[in-house]
Amino acid sequence: MRALVMTAPGGAEKSEVREVDPPRPAAGEVTVDVAYAGVNFMDVMARRGDAGYASSWPYRPGLEIAGTVREAGAGVTGLAVGDRVAAVALGGGFAEIATARAELTVRVPDAVPLSAAAATPLGLATALLLLTEAGRFTPGDTVLVHSAAGGVGGAVAQLVPLLGGGRLLGTVSRSGRPVSGYDAVLVRGDGLADEIRAATDGRGVDLVLDPLGTEALDLDLAVTRPTGRIVLFGNAGGGTPAPLPPFGRLLGGNLTLTGFSHRGLVAGAPAKVAAATRRVLDYLAEGALSIPVTELGSLDEVIATHDLLASGQGVGKYVARIR
């Protein structure tokens with residue numbers, strides 16, 4: 001079968017589509033005939049060699065898939081061959097056949113296209129978990145989202161109204177980037193803290209969702225109002241994060257600083273990931289949520305899209321058609 005393989009840490013020159021042996025499921029696993037696979041920044045972090053993202057080299061990326069169950073391993077219940085599913089793959093999602101743990105594999109309602117379902121196990125589920133589990137969003141909150149033009153930023157804009165509504169501010173790395181669903185979109189740079197305060201009439205924000213490592217943490221602390229929450233959920237720029245702020249700054253500001261890792265939840269609390277995936281699939285089936293995706297026509301196009309994400313030029317959510 002055809003699969004995308006990263007041969008060593010680096011860039012596009014280290015990625016290729018090649019023939020590999022098809023997998024078979026172990027106990028508690030299923031294999032899936034992949035129709036679509038979601039493209040995520042975690043693929044980029046693996047490609048450039050960030051610690052903890054690629055288990056070994058060569059590495060087969062792809063963590064988010066949708067398709068039909070091909071085979072079920074021993075002990076699997078509740079899933080049958082031919083079921084339409086979305087799943088967090090055990091790596092190797094950019095392939096014609098991929099493996100997933102059954103507990104992280106969710107049936108897709110008939111009303112949901114598999115192209116949209118492929119954006120749920122990481123993209124939409126992550127956005128929902130960031131808001132609800134990590135960020136403790138409540139209706140009326142003012143939310144600041146860094147990298148608002150990306151897939152998670154777009155999903156947050158769709159989900160906040162469904163969760164009761166609030167005010168949404170987004171930041172982007174450069175002007176002119178298309179972003180919808182936000183009350184204000186600001187370019188990161190000098191004077192940003194003052195712009196955020198002005199956009200909130202001086203009150204600041206209740207919740208910050210920040211995938212930039214610690215690059216913007218001083219800004220986050222400066223614009224978050226007392227009792228506010230800051231959620232760090234990535235390290236988009238790579239490199240070594242700076243030290244976290246001293247205890248006194250959090251204590252004096254009555255602030256909560258929280259880390260969020262989708263990988264950590266997959267490993268330690270998979271039921272939360274599966275429940276979030278089911279919830280957003282239900283939203284899609286009901287028509288309450290619509291996630292626009294950019295469909296890539298082949299595995300070969302994934303390599304160039306990883307380049308787009310790595311350079312900060314990606315817009316919205318990308319899914320690759322596999323078959």
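Helices (H or I, at least four residues) and strands (E, at least two) are DSSP runs numbered from the N terminus. Strand β3 covers residues 29-39, and 7 bridges join it to β4 (residues 64-72), the two running antiparallel. Two strands are said to pair if DSSP finds at least two bridges between them. Val 34 also has its bridge partner in β4, namely Gly 67.

β4 in turn runs antiparallel to β5 (residues 84-89) over 5 bridges. Of the 11 residues of β3, 11 are buried, so the strand is largely enclosed by the rest of the structure. Buried means under 20% relative accessible area, exposed means over 50%, and partly exposed lies in between (1.4 Å probe, protein chains only).

Asn 40 sits in the loop between β3 and α1 (41-47). Its relative accessibility is 10%, so Asn 40 counts as buried. The Asn 40 side chain takes part in a polar contact of 2.9 Å with the side chain of Glu 64 and in another, of 2.8 Å, with the side chain of Lys 317. A polar contact is a pair of N or O atoms within 3.5 Å; within protein, one must be able to donate a hydrogen and the other to accept it, and residues adjacent in sequence count only if both atoms are side-chain atoms.

Which residues touch Asn 40 once neighbours within four places in sequence are left aside? They are Glu 64, Leu 122, Gly 123, Leu 309 and Lys 317, where contact means heavy atoms within 4.5 Å.

## Ser 115 in helix α2

Ser 115 belongs to helix α2, residues 114-117. With 15% relative accessibility, Ser 115 counts as buried. Ser 115 and Ile 65 are 50 residues apart in sequence, and their C-alpha atoms are 9.2 Å apart in space.

## Backbone exceptions

Most residues other than glycine have a negative phi, and most peptide bonds are trans. The bond from Trp 57 to Pro 58 is cis, with omega near -5 degrees; Pro 58 lies in the loop between α1 and β4.

Ser 147 has a positive phi, near 55 degrees. Ser 147 is in the loop between β7 (142-146) and α4 (151-162) and, at 27% relative accessibility, counts as partly exposed. Asp 201 also has a positive phi, near 55 degrees. Asp 201 is placed in the loop between α5 (192-199) and β10 (205-210), and is exposed, with a relative accessible area of 63%.

## The chain as a whole

The chain holds 10 helices and 14 strands. Its radius of gyration is 19 Å, close to the 20 Å that the globule rule gives for 323 residues, so the chain is as compact as a globular protein of that length. The radius is taken over C-alpha atoms, and the rule is 2.2 Å times the number of residues to the power 0.38. Along the principal axes, the C-alpha atoms fill a box of roughly 55 × 40 × 35 Å.

Buried residues make up 52% of the 323 residues. Among contacts between residues at least 6 apart in sequence, 71% join residues at least 24 apart. The chain exposes about 13100 Å², with 51% supplied by carbon and sulfur atoms; accessible areas come from the Shrake-Rupley method with a 1.4 Å probe, and for residues only the protein chains shown count as cover.

## Annotation and basis

An unreviewed UniProt entry carries the annotation "domain: Enoyl reductase (ER)" over residues 10-320. UniProt positions are given in the numbering used here, feature names are shortened, and annotations may be inferred rather than shown by experiment. Over residues 10-320 the chain is 31% helix and 27% strand, and the end C-alpha atoms are 21 Å apart.

Residues are numbered from 1 along each chain as its sequence is written, and side-chain values use heavy atoms, with hydrogens and water left out. In this predicted model, local features need pLDDT of at least 70 and side-chain atom pairs count only at pLDDT 80 or more, while totals for chains, interfaces and linings use all residues.
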